Amino acid sequence: IPIIAITGTNGKTTTTRLTAHIMKSAGRKVGFTTSDGVYINNQMMMKGDCTGPISAQFVLKDPTIDFAVLECARGGILKSGLAFQNCDVSIVTNVAADHMGLGGINTIEQMAKLKAVVPETTRKDGYAILNADDDLTFSMARGLECNVALFSMDENNPRIKAHCEDGGIATVYENGYISLLKGTWKIRIIPAREVPLTYEAKAVHNIANCLPAVLAAYIFKDVSIAEIKQALKTFVPGDALTPGRLNFFPFKDFTFLADFAHNPHGLKLLGDFVSKLDYPHKVGVISGTGDRRDEDIRELGALSAGFFDEIIIRCDKNLRGRTAEEIIGLLLEGIHSVNAELPTMTIPNEDQALEYIYNNHKPGSLYTIMCDVVAGAIDKIKQLKQREESGS
């Protein structure tokens with residue numbers, strides 16, 4: 001079974017789902033694993049965080065599939081390694097500071113070394129697809145025995161230019177297009193605005209997620225440019241295809257936006273997207289993850305203060321070794337370091353926060369909730385929507 005293995009700090013799940021969708025659209029019977037569950041031919045077979053080797057083995061043993069797309073996260077690699085000796089294509093989306101101080105990983109360089117395990121397993125005749133805009137990811141190319149392909153949000157990135165001059169292949173975002181570069185050739189695949197996942201090219205991080213997915217599909221020679229283009233057009237984001245990733249829920253006079261941003265890098269990407277949206281009032285519903293470093297939790301507060309007009313702090317179900325007061329205190333320190341006057345309130349948990357917003361919302365506002373348990377938050381929002389529609 002051909003295997004595409006995907007790792008990185010942010011963007012793994014969206015890239016995995018999009019890659020699987022492209023391969024399915026090209027006629028493959030695809031099994032894939034994500035942080036939401038295991039899917040065989042688009043049917044969810046296991047629910048929960050399924051980014052470890054046991055979930056991957058479940059896919060690889062299934063007799064009904066002929067292609068596997070596997071999300072490989074830090075925790076699974078550290079505890080149990082990978083479920084395969086070699087993959088055909090590997091993707092590393094980026095490396096950012098997250099999960100620092102856990103499992104003996106204390107620096108971002110150590111994290112990059114851990115993530116590099118995935119491209120190191122790529123078959124000699126396969127391809128490692130690396131982010132040329134990220135120094136730590138790009139440096140993984142050193143010592144690899146497989147082919148290397150690159151992607152970048154900048155066509156003029158010197159690394160991309162040198163790579164293509166040497167006959168290499170790459171995907172880039174240029175002049176509004178998602179484009180494929182091969183040596184001196186350029187193939188414009190589709191304007192980013194026409195890809196639903198990019199929300200009219202406002203979600204820049206999702207343009208970045210499209211680039212390695214397109215490149216991975218192109219590497220399999222039986223997938224045509226036309227099939228890739230059609231797949232990009234038909235991958236419509238929402239709580240079904242991309243749960244917890246920029247999920248909009250419009251109510252009569254306000255809107256929920258649910259997203260799984262849970263580290264500073266992810267929150268910055270989310271904030272950049274929210275800043276481009278035309279709402280008169282933007283409220284962030286944030287929390288800190290207990291097993292992260294003090295400075296990481298403070299940074300979440302500081303970043304939120306820069307993006308939102310008002311903040312609601314709520315706590316995760318699993319506090320991961322800290323008290324709620326400790327997490328709230330660190331978030332407030334971060335918020336106050338940017339804007340001590342920012343309206344801020346604390347609500348104990350996610351359900352209560354959503355309930356409070358429903359009953360006390362400001363008309364026209366956007367409420368961006370950084371989900372703890374994605375499925376639980378989406379279910380609660382849908383309950384509130386039903387309540388609104390029934391008038392109860």
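Predicted model: local features only at pLDDT ≥ 70, side-chain atom pairs only at ≥ 80, totals over all residues.
User: Let's start with His21. Which element is it in?

Analyst: His21 sits in helix H1, which covers residues 12-25.

User: Is His21 buried or exposed?

Analyst: His21 is buried, because its relative accessibility is 11% and the cut-off for buried is under 20%.

User: What is His21 in contact with, leaving aside neighbours within four places in sequence?

Analyst: Three residues: Ala231, Thr234 and Phe235. Ala231 and Thr234 fall within helix H9, residues 225-234.

User: How many of the 14 residues of H1 are buried?

Analyst: Twelve of the 14 are buried, so H1 is largely enclosed by the rest of the structure. Among them are Lys12, Arg17, Leu18, Ile22 and Met23. The buried set also includes Thr13, Thr14, Thr15 and Thr16.

User: What follows H1?

Analyst: Gly27 follows H1, and its phi is positive, near 100 degrees.

User: New topic. How many residues are in the largest nonpolar core?

Analyst: The largest nonpolar core has 42 residues. Those with the most contacts inside it are Ile4, Ile129, Ile178, Ile228 and Leu232.

User: Which element gives the largest share of this core?

Analyst: Helix H8, residues 204-219, gives ten residues, the largest share.

User: And Ile129, what is it in contact with?

Analyst: Leaving aside neighbours within four places in sequence, Ile129 is in contact with several residues, including Pro212, Leu215, Ala216 and Ile219.

User: What about a second core?

Analyst: A second, separate core has 35 residues. Ala83, Val95, Ala170 and Val172 are among them.

User: How many cavities of 30 Å³ or more turn up?

Analyst: A search of the whole structure finds one. The largest cavity holds about 60 Å³ of space.

User: Which residues are closest to its centre?

Analyst: Of 13 lining residues, Thr51, Gly52, Pro53, Cys72 and Leu82 are closest to the centre of the largest cavity.

User: Which elements give two or more residues to the lining?

Analyst: Helix H2 (53-60), strand E5 (67-71) and helix H3 (74-80) do. By class, the lining has eight nonpolar, four polar and one charged residues.

User: Now the loops. Where is Ser224?

Analyst: Ser224 lies in the loop between H8 and H9. Ser224 counts as partly exposed, because its relative accessibility is 32%.

User: How far apart are Ser224 and Thr51?

Analyst: Ser224 and Thr51 are 173 residues apart in sequence. In space they are 29 Å apart, C-alpha to C-alpha.

User: What is the phi of Asn41?

Analyst: Asn41 has a positive phi of about 50 degrees, although it is not a glycine. Most residues other than glycine have a negative phi. Asn41 is in the loop between strand E3 (37-40) and strand E4 (43-47). With a relative accessible area of 35%, Asn41 is partly exposed.

User: What about the phi of Glu200?

Analyst: Glu200 is not a glycine either, and its phi is positive, about 60 degrees. Glu200 lies in the loop between strand E11 (185-191) and H8. Its relative accessibility is 47%, so Glu200 counts as partly exposed.

Definitions and conventions
Residues numbered from 1 in each chain as written. Heavy atoms only, no water. Helix = DSSP H or I, 4+ residues; strand = E, 2+ residues; numbered from the N terminus. Buried < 20%, exposed > 50% of the residue type's maximum accessible area, 1.4 Å probe, protein only. Contact = heavy atoms within 4.5 Å. Core = buried A, V, L, I, M, F, W, Y, C linked by side-chain atoms within 4.5 Å. 1 Å grid on protein atoms, 1.4 Å probe; cavity = no way out; pocket = protein on both sides within 12 Å on 5 of 7 lines; lining within 4 Å. Points joined across faces, edges and corners; volume = space filled by probe spheres on them. Nonpolar A, V, L, I, M, F, W, Y, C, P; charged D, E, K, R; others polar.
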